[in-house]
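Notebook open, model loaded on the screen. I'm jotting down what I look up as I go.

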Amino acid sequence: MESTDHPPHRPPRRVEAVLFDFHGTLAQVEDPVRWVVEAAAACGRELERAKATILADRLVTAGRAGGPVPHRVPPHLAEHWADRDLYAHSHRAAYTGLAATVTTDVDGLPDALYERLLTTAGWLPYADAEPTLRTLHDAGIKVAVVSNIGFDIRPLFATWGLEALVDAYALSYEVGRTKPDPAIFVRACGMLGADPERTLMVGDSPADAGAVRAGLAALVLPAAEPGRPNGLTAALALAGCPA
C-alpha cells in the first residue's frame, strides 16, 4: 500500500500586501562627508574635505542616525538612547547628544547634523525603490512602510513623488512598538486590512525578519550603497509581479 504520511501539496499563498523597512531597504542616508560639509555650511562654516573626512569618521563612530550602532553610549544619554525609536524628543536628544561628544569648532553642528536627517537632502532613495513600489501599486498589492524611527518620514516620500504608492506607515514612535516585536507588524497589516499570512515583509536586518513571529513571510536583503539598486525586484517575484 502506498504511504500517505507526507503532507498534501499546498499551492503557494498569494501575497496581498508587502511591508517595507525604510532605512537600508528603500533609502539610505547620504555620504558621511557630505553630511558634515553641508551641516557645517548651514552653520556658516566652510570645511576643507580633509578636515570634514576626519570629523565625519569621528561622528559616525560616536553614533549617527542611519549609521552603525555606537560601541558606547554615555551614561547621561542612556535613557534617550533606549527610547530613541519610541519618542521623537528622545531620538533628537540621543543623536544630537552623541554628536556633541565629538569636539569641533563649529557652533551648532550637532543640531545642524540632525536637521539634515529630517529632509530629503539627507537621504537617497534606492534606484529600484520607485519602480518596485509602482509595480506593486499597479498590481493592486497594498504597501506599508514599517520603520524603527523617531520622526515622520511621510514628507520625504511626498517630496520624492512616492506618496501615492504607499498606503500606510507603521512608525515605531507612533505605534509604540519597535521591530522585532510582532505587534508592529500586526498593526501594519491591520492598517492595510491584510491577512498576515498573505503579507511579505522586506527589510535588511534580523529585526525585520522578526515578522515571521507574526505569521508573515520575510525577505531580508543586504543594504546597498546609496543611490544604487537594492535588489528589491526579488520582492516583486515573491509577490507574483513581473519585475
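**T199.** I started with T199, which sits in strand β6 (residues 199-203). Helices here are DSSP runs of H or I with at least four residues, strands are runs of E with at least two, and both are numbered from the N terminus. The model is a predicted one, where local features need pLDDT of at least 70 and side-chain atom pairs count only at pLDDT 80 or more, while totals for chains, interfaces and linings use all residues. Residues are numbered from 1 along each chain as its sequence is written, and side-chain values use heavy atoms, with hydrogens and water left out.

Is T199 buried or exposed? T199 has 1% relative accessibility, so I put it down as buried. (Buried is under 20% relative accessible area, exposed is over 50%, partly exposed is in between, with a 1.4 Å probe and protein chains only.) I then listed what T199 touches, not counting residues up to four places away in sequence: A17, L19, C189, A194, L216 and A217. A contact here is heavy atoms within 4.5 Å. A polar atom of the T199 side chain also lies 2.8 Å from the backbone oxygen of D195. For such a polar contact the rule is a pair of N or O atoms within 3.5 Å; within protein, one must be able to donate a hydrogen and the other to accept it, and residues adjacent in sequence count only if both atoms are side-chain atoms.

**Cysteines.** C189 was on that contact list, so I checked the sulfurs next, taking a disulfide as a pair of cysteine sulfur atoms within 2.5 Å. How many disulfides does that rule give? The count is 0. The closest cysteine sulfur to that of C189 belongs to C241 and is 17 Å off, which is too far for a bond. C189 is buried because its relative accessible area is 2%. C241 is buried as well, at 9% relative accessibility.

**Helix α1.** I moved on to α1 (residues 32-42), where V33, W35, V36, A39 and A40 are buried. Looking down the axis of α1, I see these buried residues fall within an arc of 160°, so they line one face of the helix. (The arc is that of the directions from the helix axis to the C-beta atoms.) That buried set packs against α2 (49-63) and α5 (109-117).

What caps the N-terminal end of α1? D31 does, with a side-chain oxygen 3.0 Å from the backbone nitrogen of V33. Just after the helix, G44 takes a positive phi of about 85°.

**Cores.** I counted a nonpolar core as a set of buried Ala, Val, Leu, Ile, Met, Phe, Trp, Tyr and Cys residues joined through side-chain atoms within 4.5 Å. The largest has 41 residues, and V18, F20, F22, L136, I153, F157 and V202 touch the most other members. A second, separate core of 18 residues includes V33, L109, A112 and L113.

Leaving aside neighbours within four places in sequence, its contacts include L26, L136, V145, M201, V202 and L232.

S90 lies in α4 (residues 88-100). S90 is buried because its relative accessible area is 2%. Beyond its neighbours within four places in sequence, S90 is in contact with H80, D83 and R84.

T159 belongs to α7 (residues 154-159). T159 is exposed because its relative accessible area is 57%. Its side chain reaches the backbone oxygen of P155 at 3.0 Å.

**Cis peptide.** Which two residues does the cis peptide bond join? They are K179 and P180, with omega about 15°. P180 is in the loop between α8 (172-175) and α9 (182-192). For background, most peptide bonds are trans.

**Whole chain.** Last, the overall numbers. I get 11 helices and 7 strands. The C-alpha trace spans about 80 × 35 × 30 Å along its principal axes. Of the 243 residues, 43% count as buried. Among contacts between residues at least 6 apart in sequence, 67% join residues at least 24 apart.
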